[in-house]
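Subject: Structure for your review

Dear colleague,

Please find the structure below, together with its sequence. My notes on what was found in it follow.

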Protein chains: 2
Amino acid sequence: MIPDNYFDDLTIGDVFESEKKTITEDDIVGFAEQYDPQPFHVDKDAAAKTEFGGLIASGFHMLSASFGLFFHSRVIEKHNLGSPGMDQVRWLRPMRPGDTIHCRAEVTDLQPSKSKADRGSVWMRHDTINQDGDVIMTVSCIHRLRRRPQNDA
Amino acid sequence: MIPDNYFDDLTIGDVFESEKKTITEDDIVGFAEQYDPQPFHVDKDAAAKTEFGGLIASGFHMLSASFGLFFHSRVIEKHNLGSPGMDQVRWLRPMRPGDTIHCRAEVTDLQPSKSKADRGSVWMRHDTINQDGDVIMTVSCIHRLRRRPQNDA
């Protein structure tokens, strides 16, 4: 995996796989108590009685944990100018205590900026995958990356 | 504000305003150290040298904090069956230390389930607004809610 890419270093179809992380019950409850305290995220007994059949992570926890793995992989880093947004966030399956997840990011489009010559937009499809190989979340995310300076080709 | 709505209690155009919350530097750095450790989210000095001119919150922190306020408002609660996803997440302006945010959610569409008579999908536009009245993030989110039982009309 190539770390710290400029816009110009990426090609449509490039795929990056993150490291793996096991999500604990404490992770799930801790995140949800602060940000998404619905019963099926924070209360084991109440969660068992829902159609989820037990505790599941907040979708915002899934996003944060999965993109945390992506940023930890340093595919984009110093030349990242921040993201304008995401589309088609889909929570396909629950993330449960003990699940081991990783992120697979594929470059789906590259558009140099029309107004600013020093940057471009990168579209990536981010899949979050569990230990069974199930895709539990997909996201189409836009990243703005700096272009490689011409004297640094 | 009506708490704990069934699908049938909502009408297109309904608007719900959350309480307000002030975001501290510790909140921003603490979230980002765990989930999004990019320099402009965790390192005050490095952030000052970026085009953001100082620390800004992770977009995932903005999502989590804003939806945290929404769920805390109890607009949807016991009859919430979880969300299949979100679209058009747009990070329009930074969230900075000391900003006081709230969430404004508007019902934009209601669709009874075709396959399950006990539920329906609610589309809401979630705007996150700061102390200056600036909309700093918009999201179109889908919530699945239980329908009101017929003997409970």
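Of the 153 residues in chain A, 50% are buried, where buried means under 20% relative accessible area, exposed over 50%, and partly exposed in between (1.4 Å probe, protein chains only). Please note that this is a predicted model, in which local features need pLDDT of at least 70 and side-chain atom pairs count only at pLDDT 80 or more, while totals for chains, interfaces and linings use all residues. Residues are numbered from 1 along each chain as its sequence is written, chains are lettered from A and ligands numbered from 1 in the order in which they are written, and side-chain values use heavy atoms, with hydrogens and water left out.

Chain A

Chain A contains four helices and six strands; these are DSSP runs numbered from the N terminus, with helices being H or I of at least four residues and strands E of at least two. Their order along the sequence is β-β-α-α-α-α-β-β-β-β. The C-alpha trace of chain A spans about 60 × 30 × 20 Å along its principal axes. Among contacts (heavy atoms within 4.5 Å) between residues at least 6 apart in the sequence of chain A, 69% join residues at least 24 apart.

Relation of the two chains

Strand β3 of chain A (residues 85–91) is mostly covered, with five of its seven residues buried. Within the chain, β3(A) pairs with β6(A) in the antiparallel sense over five bridges; pairing requires that DSSP find at least two bridges between two strands. Here Trp91(A) stands opposite Met137(A) of β6(A). At 48% relative accessibility, Gln88(A) is partly exposed.

Pockets

A pocket is an open set of points on a 1 Å grid over the protein atoms alone, where a 1.4 Å probe fits, with protein on both sides within 12 Å along at least five of seven lines; lining residues have an atom within 4 Å of a point. The largest pocket has a volume of about 420 Å³, the volume being the space filled by probe spheres set on the points, which are joined across faces, edges and corners. Its lining has 26 residues, with Gly82(A), Ser83(A), Pro84(A), Phe52(B) and Trp91(B) nearest the centre. The second largest pocket, of about 340 Å³, is also lined by 26 residues, and Phe52(A), Ile56(A), Trp91(A), Gly82(B) and Ser83(B) lie nearest its centre.

Yours sincerely
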